[in-house]
Every structure is written in structure tokens, then in C-alpha cells.
Amino acid sequence: MSVAMIHDVCIIGGGIVGLATAMAVLEKRPDASVVLLEKEPGLALHQTGHNSGVIHAGIYYAPGSLKARLCREGADAIKAFCREKAVPYEQCGKLVVATNELEHRRLKDLAERAKINNIDIEWLDRKTLKQREPMVEGVAAIFVRATGIVDYKAVCVAMGAHLAAQGVEIELNTQVSAIRETSDLVEIAAGGRQWRARQLIACAGLQSDRIAKLAGIKIDHQIIPFRGEYFRLPPSRNGLVRHLIYPVPDPSLPFLGIHVTKMIDGSLTVGPNAVLGMAREGYPKFSINIRDLSECLSFPGLWRLLWKNAGGAMHEFRDSLWRKNYLEACRKYCPSLTLEDLQPMEAGIRAQAVMRDGRLEHDFLFLRTGRMLHVCNAPSPAATSSIPIGRDIADRCFSAG
């Protein structure tokens, strides 16, 4: 087994959080030697490359919370990076639309939260909403100007090129098979190769719990994959809306609901729902990975989660099985859509940390040892917030290093 030099930092994971962390390491320590290991043949091939491409403004998060601050900072940072690297993005804004009295009350609460978070919004009544978006039905809406769209895979390609130009070694097709920590360094093995680093940062997304266990860390959670299923609208529908169209979120549920999303290529998508996945990296419908499924079914936290959320889980499952049910969720605020409009599109999969007691972990989950930092949960909107998240991770790494 060949043994390479000792790097200052080794990062596992070539998604947007891993790449942003590598950039932050170099901001903090410009002379640091950094190697990034990615098991796939390219960057951003899992969560980052399968999301809806939204640059979120941060209206949903508790005022004063870390998520609210990171989202606002992250949106500005992503837009600035795109301008610097000539990555196309569009600040098209989004409408959060209430379709009944309950949603109208929730929308008022959301508007107050947005104001406290210092996010510029515009309140639209039914008439103004109809003027703004003739094909959208609702009793009221708020317009969030700062929301944008981008291709996050293109962002990651630009990040990778930026890092490579600064001397970061990016090793693709490199699946980590062993991690051993000593008092002085961390040894990482993949196939017949080995790396040694003074600090290890793992940003492994859908495999983060397995990487943590591989490193000998005891964990009290498991990554449960949630499939987000999308449909693409036909090109004839590309002019259906001018903005992103979101429903008012149900505060009892962890997901934002099915929305109409403009993509940076001009197309429109609807989605995602949120159903239990039977494979962590299986994107076609009905994908099954025996290892992933058996680990899910043997984890007590999953059953406790399903028991607590049985009604919502069944609703999402019905939407997944029957397009007609999925369509009805869209037609609440966009009634002109038809079954024929829902054309196939590859799903996304969200890595959700679930605790043994069945609790969904909604915040960041970091596990720290003397020379390792494992990012075991990076909640939405991690892509939007990735640049300040990376800086926070680098700060945590070096403050203990």
C-alpha cells in the first residue's frame, strides 16, 4: 500500500458542503495542504445534483436562529460566487400562496417571521396575486424577492476548478474503506491507497453515518433516505408562471410541500413529495438496495418516527403511488395542470438524520474527536447556506486542532 504525504486536512465528500468547506479551509489557512476524496466519478452526483436548484431567502426559520442567519448569508455568498465565476443564476423571486383560511392565517405568521428576519417581502391580496400570476389561484400570497435559482452542480464544478487551481488534490473514484485516528494524525485508506492528515472533515451526506462508524465513532442516529419525487412539465408549459410558486408549509411537517419551480434552463418542475426511500442512492422509482433497506427496517428510530407521523406518511405514500393524488396537491394553487403535464423526472434523495427515539434532527449534527469532525446532518437549505456552513466547519476544525 502506497503512503502519501501528510496533508493538513483531508475532506471526505465532493458535494457542495465538502467543496465549500475546502474553500473555507484555504481562506483560513492559505498555505494548508488539502486533499478531497469523493467516491463517485464526478462532483455533486447525489444530494447536491438532485435538488430543485433554489437559492432560498430564509423566510421559514426561527428569528435569530443559526439556520436563518446562515441562509441569508449563504444566499448572498452563492450569488456573489456565481457572479465571480460566471455561473448563471436568476433572482426570479417566489410566491408563497395561501389557498384557504387556515393557510391564510399561517401565511400571516410567516410574513411576520420574514420581517423579523429582515427579509424583504410584499403582501399580495387575491386580486394582486391574479394580476401577478394569472394561472395561480389563492386567497393571498407573499412575494419573496431574494429567492433565486441556479444549477448547483454547475456551482460545484466551478468550486472544484477553483480549488484545483489553488492546489487542492481532488481524488475521484475513491471510496474510503478504513479510517484510523492516532494522537498525531488520521489515516484514511481507499483500495490500495492511503492518505494521512492532521485533520479529517467528513461531509459524506447520505453515507455520513457509515463513515462515522467506520472511524470508530459511536452514534445514536441513522441516516434515513427520503425520496423527493419530481415531475417535469412539458416545454409548452414553460410560460405557466413567472416566479417560483410554493404552498404555505404545514408547521407540523418537516418538508415545504410540492411547489412549482423554474429551472435555470427555462423549464418548469413540480415537486418534491417526501417518501421513505428503499435505497440511499437509488434514484429510479422502486429502487431497492438490500443493505440500505435492512438497516432502515432494523433501526428502532424509523418505527418510532412512522408511528408518530403515520397520517402524513400515508398521505405522501399515496401521492407517490398515484399521480392523480400528486396532481391534486399541485392543482390547489395551479388548477390548469393536468395528468399529461406530469412528465417523468429523476428523483432526489434527502439524507435525514433520525435519532434512536424517532426524533427528526432538524439542526446540524456534528461529531467531534481529537482530529476528526464529522458532519452527520446538514439540513435544508444546506446548498444555499453551503459557503457560510463551510466557514463554520473550518472554524470548528481549527479551534480544536
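# Notebook: one buried threonine, then sheets, helices and salt bridges

I began with Thr261, which counts as buried because its relative accessibility is 0% and the cut-off for buried is under 20%. I note here that the model is predicted.

**Entry on Thr261.** I looked up where Thr261 sits, and it is in strand E16, residues 259–262. Next I listed what Thr261 touches, leaving out residues up to four places away in sequence. The list reads Ser52, Val54, Leu244, Ser267, Leu268 and Thr269.

**Entry on the sheet with E8.** I followed strand E3, residues 54–55. In what order do the three strands of this open sheet stand? I found the order E3-E8-E4, with antiparallel pairing. E3 and strand E4, residues 89–90, are the edge strands, and each of them pairs on one side only. I then checked how E4 meets strand E8, which covers residues 148–150. The two pair in the antiparallel sense over two bridges. For Glu90, I noted Ile149 in E8 as the bridge partner.

**Entry on the sheet with E13.** I moved to another open sheet, made of three strands in the order E18-E13-E20. The pairing in this sheet is antiparallel. Why is one side of E18 and of E20 left without a neighbour in the sheet? Strand E18 (275–276) and strand E20 (348–355) stand at the edges and each has a single partner strand, so one side of each has no neighbour there. I looked at the join between E18 and strand E13, residues 221–228, and counted two bridges between these antiparallel strands. One residue I traced was Arg227, whose bridge partner in E18 is Val275. I also noted helix H8, residues 300–308, which lies across E13, E18 and E20. H8 runs at about 100° to E20.

**Entry on a hairpin.** I looked at strand E21 (residues 365–368) and strand E22 (residues 372–377), which run antiparallel and are joined by four bridges. How many residues does the hairpin use to join E21 to E22? I found three residues. I picked out Leu365 and found that its bridge partner in E22 is Asn377.

**Entry on two helices.** Two packed helices are described by the angle between their axes and the distance between the axes. I looked up both values for H2 and helix H5, residues 152–165. The axes come within 11 Å and cross at roughly 65°. That makes H2 roughly perpendicular to H5, because angles of 65 to 115 degrees count as such. I recorded the crossing as left-handed. Which residues make the contact? From H2 I wrote down Ile78, Phe81, Cys82 and Lys85. From H5 I wrote down Tyr152, Val155, Ala158, Met159 and His162.

**Entry on salt bridges.** I looked up the total, and the structure holds 29 salt bridges. I followed a few of them one by one.

I started with Arg198 and Asp8, whose side chains meet in a salt bridge at 2.9 Å, N to O. Arg198 lies in strand E12 (residues 193–202) and Asp8 in strand E1 (residues 2–12), so this pair ties together parts that are 190 residues apart in sequence.

Then I took Glu27 and Arg391, where the closest N and O atoms of the salt bridge are 3.0 Å apart. Glu27 is in helix H1 (residues 16–28) and Arg391 in helix H11 (residues 386–400), so the pair links distant parts of the chain, 364 residues apart. I noted a relative accessible area of 47% for Glu27, which is partly exposed. Arg391 is partly exposed as well, with 38%.

I also looked within helix H2, residues 66–85. There Arg69 forms a salt bridge with Glu73, the closest N and O atoms being 3.1 Å apart. Arg69 and Glu73 are four residues apart in H2, so about one helical turn separates them. At 36% relative accessibility, Arg69 is partly exposed. Glu73 is partly exposed too, at 36%.

Last, I looked up a network of salt bridges. The residues linked in it are Asp209, Arg210, Arg280, Arg291, Asp292 and Glu295.

Methods:
Residues are numbered from 1 along each chain as its sequence is written. This is a predicted model: local features need pLDDT of at least 70, side-chain atom pairs count only at pLDDT 80 or more; totals for chains, interfaces and linings use all residues. Side-chain values use heavy atoms; hydrogens and water are left out. Two strands pair if DSSP finds at least two bridges between them. A salt bridge is a side-chain nitrogen of Lys or Arg within 4 Å of a carboxyl oxygen of Asp or Glu. Buried means under 20% relative accessible area, exposed over 50%, partly exposed in between (1.4 Å probe, protein chains only). Axes are lines fitted to C-alpha atoms, for helices over the stretch in contact, and angles run from 0 to 180 degrees between N-to-C directions. Angles under 35 degrees count as roughly parallel, over 145 as roughly antiparallel, 65 to 115 as roughly perpendicular and the rest as oblique. A crossing is left-handed if the near helix is turned anticlockwise from the far one by less than a right angle, and right-handed if clockwise. Contact means heavy atoms within 4.5 Å.
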